[in-house]
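Visitor: I've got a model open and I'd like to learn how to read its helices. Can you walk me through it?

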Amino acid sequence: HELANPLMEDEPAYTLTTTQFEEQLIQVDNLLQPHWGAEGAREGSKWFRPGHGWVRQWMFPILKKHGYRTALGSIYAHDPMLRSKRLIASMLKKQVHPGGIIILHDGGISRKQTVDILKDVIPQYQSRGYKIVTLTELVSRTSRRK
């Protein structure tokens, strides 16, 4: 797996000023640094996922300055609003497609719900011929095909 920077606050990123955006990006970047290991994030593997899935053109130069690429998702089960693991897993299974990017949220200290859902969904994806890869690997594979 790879880590992504969603900014510090759970709010739509497009509502921030450029200063607030960059400050939050740097704040979370500093928190992520220890988790990237001794070598730091590999070139091209620092990912930004905008809050609420909205991005604006003015964000890209700031992201590039700090070595980030942007990722949006395409498989989304509305899990912040649902509590049923079975329903969330079912929605994820129905939306699977080649190159799909799953978005899951989990609040609080425990990540048990997300872990449980992935333990159910991933083997079923794999039995249908899908391979689970990191964003960096997905982008690398896609660009090699061009």
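**Reading helices and cores**

Guide: Let's begin with helix α3 (residues 85–95), where Ile88, Ala89, Leu92 and Lys93 are buried. Buried means under 20% relative accessible area, exposed over 50%, partly exposed in between (1.4 Å probe, protein chains only). Helices (H or I, at least four residues) and strands (E, at least two) are DSSP runs, numbered from the N terminus. Keep in mind that this is a predicted model: local features need pLDDT of at least 70, side-chain atom pairs count only at pLDDT 80 or more, and totals for chains, interfaces and linings use all residues. Residues are numbered from 1 along each chain as its sequence is written, and side-chain values use heavy atoms, with hydrogens and water left out.

Visitor: Why do the buried residues of α3 line one face of the helix?

Guide: Look down the axis: the buried residues of α3 fall within an arc of 135°, so they line one face. The arc is that of the directions from the helix axis to the C-beta atoms. Exposed Arg86 and Lys94 sit on the face of α3 turned away from that buried side.

Visitor: What covers the buried residues of α3?

Guide: The cover includes β4 (75–76), β5 (102–103) and α4 (112–127). Looking from α4, buried Gln113, Thr114, Ile117, Val121 and Tyr125 have a cover that includes β4, α3 and β5.

Visitor: How do I check a helix's length?

Guide: The expected span is 1.5 Å times one less than the number of residues. For the 15 residues of α1 (residues 18–32) that gives 21 Å, and the end C-alpha atoms are 21 Å apart, which agrees. In α4, with 16 residues, the first and last C-alpha atoms are 23 Å apart, close to the expected 22 Å.

Visitor: Which residues of α1 are buried?

Guide: They are Phe21, Glu22, Gln24, Leu25, Val28, Asp29 and Leu32. They cover an arc of only 165° around the axis, which puts them on the same side of α1. Exposed Glu23 and Leu31 are on the face turned away.

Visitor: And what's a core?

Guide: In soluble globular proteins, nonpolar side chains tend to be buried together. A nonpolar core is a set of buried Ala, Val, Leu, Ile, Met, Phe, Trp, Tyr and Cys residues joined through side-chain atoms within 4.5 Å. Here the largest has 13 residues, of which Leu7, Phe21, Leu25, Phe48, Leu63 and Tyr68 touch the most other members. Helix α1 gives the most to this core, with four residues. Apart from it lies another core, of nine residues, among them Ala77, Ile88, Ala89 and Tyr125.

Definitions and conventions: Contact means heavy atoms within 4.5 Å.
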